[in-house]
Amino acid sequence: CKDLQTSLISGMSAEDLSSDVLETVKRVQENDPLLWSISLKYENIYDHGARLFAEALKGNTHVEKVVFWGVAIKVAGIAALADTIRLSTKLVSLELFNNALLDEGVTLLAGALKSNTTLERLNLERTQCTSAGVIAVAKALETNEKLLSLCLNVNNVGVEGSRALADMLRVNTTLTTLSLWESQVMTQGALYLADALKSNVGLKTLNVRENGIADEGLTAFMEAIKFNVTITELRLEDNPQFGDYPPLLEQIKTVLADPVRAAWASGEADTKPACEIPLEHRD
C-alpha cells in the first residue's frame, strides 16, 4: 500500500495502521462495488487514518455505512470526515461510538448535517461532548430533513442540551429515534422534552433511561402522551426516583403498547387512537 503511505500528510506514517485498515482504504479508493459497509471496531486508525478514509470516500459511490467504534479519532480526524459528509450523496449511516470527539468535533459534524441530504443514522455515543456540542447538533436538525436516528448516549447532554433538543423537536418532523441514555438530562431536562412531545409529530422512540429524572418528570411524560399519538416507545427505566411510583410507569407502558397507536404511528390505520389517560397520584 505504498500509494496510501505517500498520500499521508507530512509527518504522518502508515506504519501504525494495520494491513486490514490500509486494505480497506484501498478498496474504498478503488470504488469496490462489493464494499458497501466499513466496520472497524477497536482497531486504531487515528486522525491520519480518518483523513485517508475521508479522502477515499469523496470519490466512492458504493459505501453507505461507516462504523468507527473506538478507533482513536479525535478532532483533526473528524474535521476531515465532516468535510466529506457535508458533500456526500451516498452515506446513510455513521457510527462514531467511543471516540474523543469533544464539543469541537461534534460541532464540526453538526455543521456537516446542515448541508448533508443522505445521512439517516448518526451514533455519537461516548464521544465526550457536553451541552455545547449537543446544542450545535440540535440547531442543525432544526433544518435537516433527512436524519432519522440520533444517539447521544453517555455524554453530558445536561439540562441546556435537553432544552435545545426540545426546541428542535418542536419543528423537526423527520427524526424518529432519539437516545439519551445516561446523559445527565435530569428532571428539568425531562420537563423540556416532555413539553416538546406535546406538539412533535415525528418521534417514535425516546430513550431517557438513567438520567436522574424524579417523579415530576415522569408525570410530565405521562401528560405528554395524552397529546402525542406518534411515540410508541418511551424508555424511562433506571431512574431511581421512580422506585415508589411504579404504577405510573406501567400505565405509560400500557398506553404506548396500544396496537391502534402503533398502527397509527406507522401509517397503517386511519383511526386516530384515544390517548387521554387519567392522572393518578400517590396517596
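Trainee: Which residue forms a salt bridge with Glu95, and how far apart are the closest N and O atoms?

Mentor: Keep in mind that we're looking at a predicted model. The partner of Glu95 is Arg121, and their closest N and O atoms are 3.2 Å apart. Glu95 belongs to strand β3 (residues 93-95) and Arg121 to strand β4 (residues 121-123), so this pair ties together parts that sit 26 residues apart in sequence. In general, side chains of opposite charge can pair when their charged atoms come close.

Glu95 is buried, with a relative accessible area of 6%, whereas Arg121 is partly exposed at 35%.

Glu95 has another neighbor to look at: Phe68 touches Glu95, and its other contacts include Ile45, Leu96 and Phe97. Phe68 is also one of three residues, with Ile45 and Phe221, that touch the most other members of the largest nonpolar core, a set of 80 residues.

Next, slide along to Glu120. Glu120 makes a salt bridge with Lys146, with 3.7 Å between the closest N and O atoms. Glu120 is in the loop between α5 and β4, and Lys146 is in the loop between α6 and β5, so here too the linked parts are 26 residues apart in sequence. Glu120 is partly exposed at 26% relative accessibility, and Lys146 is partly exposed at 31%.

Terms used
Residues numbered from 1 in each chain as written. Predicted model: local features only at pLDDT ≥ 70, side-chain atom pairs only at ≥ 80, totals over all residues. Heavy atoms only, no water. Core = buried A, V, L, I, M, F, W, Y, C linked by side-chain atoms within 4.5 Å. Buried < 20%, exposed > 50% of the residue type's maximum accessible area, 1.4 Å probe, protein only. Contact = heavy atoms within 4.5 Å. Salt bridge = Lys/Arg side-chain N within 4 Å of Asp/Glu carboxyl O. Helix = DSSP H or I, 4+ residues; strand = E, 2+ residues; numbered from the N terminus. Lists of a residue's contacts leave out its neighbours within four places in sequence.
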